[in-house]
Amino acid sequence: MKPPSLSVEAGATGRTGMSVRSGMSVRVRLALAVLLTGVLTAAGVIVTLALAFQRFEQENAYLRADAFLARVVAQYDDLLDVHDRSPDSFRQFLGSLLLFEPDSQLYLLAADGSVLAHTGQAQLAPGFKVALAPVQQSAAASNDAQASRRAPFVMGDDPERMDADAVVAARALRRPLIRAAEPVAGYLYLVCRKPGLPGTGQALFRSSLAGPALAAVAALIVLGSLLAAWIIGTVTRPLRVLSDEVARAARDGFSSAAASPHQPAPVAGDDEFSRLRQGFRALLATLRTQWDALQRMDHFRRESVSNLSHDLRSPLTATVACLETLEQRWAGDSARAADQHLVQVALRNTSNAAGMVRSLGDLALLDEPEFKLKPIRLDLAEVLDDIALRFAERAQQQGVALHFEAQGSAVPVAAVDVELFERAVANLLDNALKFTPAGGQVVLTAGLAAGHDVEAGRVQVAVTDTGAGIAPEELPHLFDRLYQARQSVAPATSEGGKGLGLAIVKRIVELHGGTVDVASTVGQGTTVRLSLPGA
């Protein structure tokens, strides 16, 4: 358990809380939602009233037209005969009937819808016909005894403009000498004013709706918005207080030292928000208690590891020195060959134990919250080239090709603690050489990441080998402390890693604000890549 990593998580939580508060609050969202709902409702009401007014105009026009045709047909039952006797004077006769309705046009139709005479100004072609279905529908509706089954209005052709959105009315005509059961001989067809609000209708709409109604709707919107704002403020005030407490906890952390010295006011009420605040405060108190216990345990662990490493380092160093003396003393004595082999085994295991103790001490030091880096801005290519030269002799003895490659023309400059950075890269090269057989190669590369993603401009350092590779199930645990991949351990001789080298690498990279990842294919090799902030 590492306090630095825990503190990083707490800081990330604080940044997240701040980013959430910088956005639109719930109170503003609710107010905007209520306002938008009111505006849309008002717009819907206005559109509905406009459509209703238009429909009223159409129904009123249809009723007046139907009543007019009923009076004309009742008074003149021989219109077809009159037309046959004097077609020219019949048009003037139709015009005299419409003196009271200048916006309407009257037509005399044959049974097939052909126009026989009309009062319009347009010159219609001989045999011009209107759509017969609306004519028959209106004529049938006028003869329907049950008013409830009549259509509110009928839309039909307007020969003057040839559109299908004019209100029309029609009455069937029969010749007086023909029996009542005979078919219809023609129709008297009236085209009323066009739908919509032209002329006086539009002025009437403005005077009756646009003024008083719009003012009333606007007043309702204002009053509704004020009432909604008051309700929203009252309802969300406890939520805002709770949000402030969450943000304060995220900013200050879970340590008891970060808690306010003043006792918070008790939560009043028993509603959902009050219970939520009480639950949050209880949870925060539990978290702070557990956090303090965790910090004490972690501090005890780090101190124990550091003290143990310091106490074991001296006796292990003395033991190694004694074993090396015995090994040198018995080097030329054939009678001591068996003893010499035992000394070599003991020396190897004691050296491994001494190295593990040193690594534990170094890792405990890196975990200290007070530990500070000593960064220096430099060209990492030069540092990596020197490290590669340092391992060149060992690689040559193992029959492994080791070299450094600079990727790209950009200089990989970064601010690093030179000693720790060299330690991290040396650990990676040590692992790569340890598990790369003779005839293989290890490549150390460095360069600046290109592209437009989050890695752009960062320094990438990679160690690639052609060793046995690592199984996929081992990769997630590779940087865990004291964890060793199975193929990297030789139990009989304690050869291989001690499970701390890569953990130290990861900790060093994290202290530099970087990341480390590994990619491996069994039988082909492994690549460990360090990503550091560029300088």
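## Salt bridges and helices in a predicted model

Arginine 507 forms a salt bridge with glutamate 510, and their closest N and O atoms are 3.4 Å apart. The structure described here is a predicted model. Because arginine 507 and glutamate 510 are three residues apart in helix α13, about one helical turn separates them. Arginine 507 is buried, with a relative accessible area of 5%, whereas glutamate 510 is partly exposed at 32%.

Helix α13 spans residues 501-511, and its axis comes within 10 Å of the axis of α9, the two crossing at roughly 20 degrees. Since angles under 35 degrees count as roughly parallel, α9 is roughly parallel to α13. The crossing of these two helices is left-handed. Helix α9 covers residues 337-367 and includes aspartate 367. Aspartate 367 counts as buried, at 0% relative accessibility. The C-alpha atoms of aspartate 367 and histidine 299 are separated by 9.8 Å, although the two residues are 68 apart along the chain.

In the whole structure, a search finds ten salt bridges.

| Salt bridge | Closest N and O atoms |
|---|---|
| Arginine 507 and glutamate 510 | 3.4 Å |
| Aspartate 430 and lysine 434 | 3.4 Å |
| Arginine 171 and aspartate 66 | 3.3 Å |

Aspartate 430 and lysine 434 both belong to helix α12 (residues 418-434), where they stand four residues apart, about one turn of the helix. Aspartate 430 counts as partly exposed at 24% relative accessibility, and lysine 434 is also partly exposed, with a relative accessible area of 32%.

The salt bridge of arginine 171 with aspartate 66 joins separate elements: arginine 171 lies in strand β4 (residues 166-173) and aspartate 66 in helix α2, so the pair ties together parts that are 105 residues apart in sequence. Arginine 171 and aspartate 66 are both buried.

Helix α2 runs over residues 26-75 and also holds tyrosine 62. Tyrosine 62 has a relative accessible area of 5% and is therefore buried, since buried means under 20%.

Leucine 35 is another residue of helix α2. With a relative accessible area of 38%, leucine 35 is partly exposed. Together, Val28, Leu32, Leu35 and Val39 make a nonpolar surface patch of about 300 Å².

Methods. Residues are numbered from 1 along each chain as its sequence is written. This is a predicted model: local features need pLDDT of at least 70, side-chain atom pairs count only at pLDDT 80 or more; totals for chains, interfaces and linings use all residues. Side-chain values use heavy atoms; hydrogens and water are left out. Buried means under 20% relative accessible area, exposed over 50%, partly exposed in between (1.4 Å probe, protein chains only). Patches are made of residues with over 30% relative accessible area and no salt bridge: like charges are joined within 9 Å, nonpolar side chains (Val, Leu, Ile, Met, Phe, Trp, Tyr) within 5 Å. Accessible areas come from the Shrake-Rupley method with a 1.4 Å probe; for residues, only the protein chains shown count as cover. A salt bridge is a side-chain nitrogen of Lys or Arg within 4 Å of a carboxyl oxygen of Asp or Glu. Axes are lines fitted to C-alpha atoms, for helices over the stretch in contact, and angles run from 0 to 180 degrees between N-to-C directions. Angles under 35 degrees count as roughly parallel, over 145 as roughly antiparallel, 65 to 115 as roughly perpendicular and the rest as oblique. A crossing is left-handed if the near helix is turned anticlockwise from the far one by less than a right angle, and right-handed if clockwise.
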